[in-house]
Amino acid sequence: MRVAIVGAGAVGRSIATELLGNGHSVMLIERNGSRVKPKAVPGAEWVQADACEVSSLEEAQLATCDVVIAATGDDKANLVVSLLAKTEFAVNRVVARVKDPRNEWLYTEAWGVDVAVSTPRVLAALVEEAVTVGDVVRLMSFRKGAANLVEITLAEDTPWVGRPLREVPLPRETVLTTILRGDRVITPAPDEPLEAGDELLFVTHGDIEEELQRTLCPDGSC
């Protein structure tokens, strides 16, 4: 993919390094000249420009990008960049960093945001995921909650332990994407038997989460 990252601070540079390591093409756009340091991320294309200006984004050929990541430390700038990327340049995927959690409610489709990433929310979810068994833990939301990435860890006394996935009656609008078992990452298959301690990752609708928990933990067995 070709990815544009707006904001070349520590966050933007770290994201760029990861994406380059995964074989993607990365363009870093930074307004502040003192932060334009090509040697810091040598594999990236660097552009010094104000990403809140349409003309700057046109010169950077933003329309050629598959993904735009608004990663500045300013919520206003991230929202403007997201809106321009989606409405003016028809970028397929826009990911935006939420600097102040109090502004998270603004990061919606109306502002062109496909995925909003709030560090406090992510950290809280990871803590819950690490210590919670039997409860649905929301890790990330997409399109204003139209779909969520959730995790549930199977307890030893759940009735599904030892039974194949095909026997689990998953709720509507729910897809099991991955099973984490120890150090293994398992692609779900109908005949895969479940084990106690399995971490199941689902994509589902927010309204379905309680039903999903009741399905995997009937009668409060978890």
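Trainee: L79 is found in helix α3. Is L79 buried or exposed?

Mentor: This is a predicted model, where local features need pLDDT of at least 70 and side-chain atom pairs count only at pLDDT 80 or more, while totals for chains, interfaces and linings use all residues. Residues are numbered from 1 along each chain as its sequence is written, and side-chain values use heavy atoms, with hydrogens and water left out. Buried means under 20% relative accessible area, exposed over 50% and partly exposed in between (1.4 Å probe, protein chains only). L79 has a relative accessible area of 5%, so L79 is buried.

Trainee: Which residues does L79 contact, leaving aside neighbours within four places in sequence?

Mentor: Contact means heavy atoms within 4.5 Å. With those neighbours left aside, the partners of L79 are L106, Y107 and W111.

Trainee: What span does α3 reach from its first C-alpha to its last?

Mentor: Helices are DSSP runs of H or I with at least four residues, strands are runs of E with at least two, and both are numbered from the N terminus. Helix α3 covers residues 75–87, which makes 13 residues. The expected span is 1.5 Å times one less than the number of residues. For α3 the expected value is 18 Å, and the span comes close to it, at 18 Å.

Trainee: Which elements are included in the cover over the buried residues of α3?

Mentor: Start with the buried set: D75, A77, N78, L79, V81, S82, L84 and A85. Their cover includes β1, α2 (54–59), β4 (67–70) and β5 (93–98).

Trainee: At the start of α3, how far is the side-chain oxygen of D74 from the backbone nitrogen of K76?

Mentor: A polar contact is a pair of N or O atoms within 3.5 Å; within protein, one must be able to donate a hydrogen and the other to accept it, and residues adjacent in sequence count only if both atoms are side-chain atoms. At the start of α3, D74 supplies the side-chain oxygen and K76 the backbone nitrogen. The oxygen reaches to within 2.8 Å.

Trainee: With which side chain does the side chain of N78 make a polar contact?

Mentor: N78 is also in helix α3. N78 has a relative accessible area of 0%, so it counts as buried. Beyond four places in sequence, N78 touches A70, A71, T72, R97 and Y107. The polar contact, at 2.7 Å, is with the side chain of T72.

Trainee: How many residues apart in sequence are the parts that R2 and E45 tie together?

Mentor: A salt bridge is a side-chain nitrogen of Lys or Arg within 4 Å of a carboxyl oxygen of Asp or Glu. R2 and E45 form one, with the closest N and O atoms 3.4 Å apart. R2 lies in strand β1 (residues 2–6) and E45 in strand β3 (residues 45–48), so the pair ties together parts whose separation in residues is 43.

Trainee: Which residues join R181 in one salt-bridge network?

Mentor: R181 bridges to E192, with the closest N and O atoms 3.0 Å apart. The pair links distant parts of the chain: R181 is in strand β9 (residues 174–181) and E192 in the loop between β10 (184–186) and β11, 11 residues apart. Shared partners join R181 into one network with E192, E195 and D198.

Trainee: How many salt bridges does a search of the whole structure find?

Mentor: R163 with E167 is another bridge, its closest N and O atoms 2.9 Å apart. A search of the whole structure gives a total of 10.

Trainee: The side chain of T204 has a polar atom 3.3 Å from a backbone oxygen; which residue owns that oxygen?

Mentor: T204 is in strand β11 (residues 199–204). T204 has 2% relative accessibility, so T204 counts as buried. Contacts beyond four places in sequence include A146, N148 and E209. The backbone oxygen belongs to E173.
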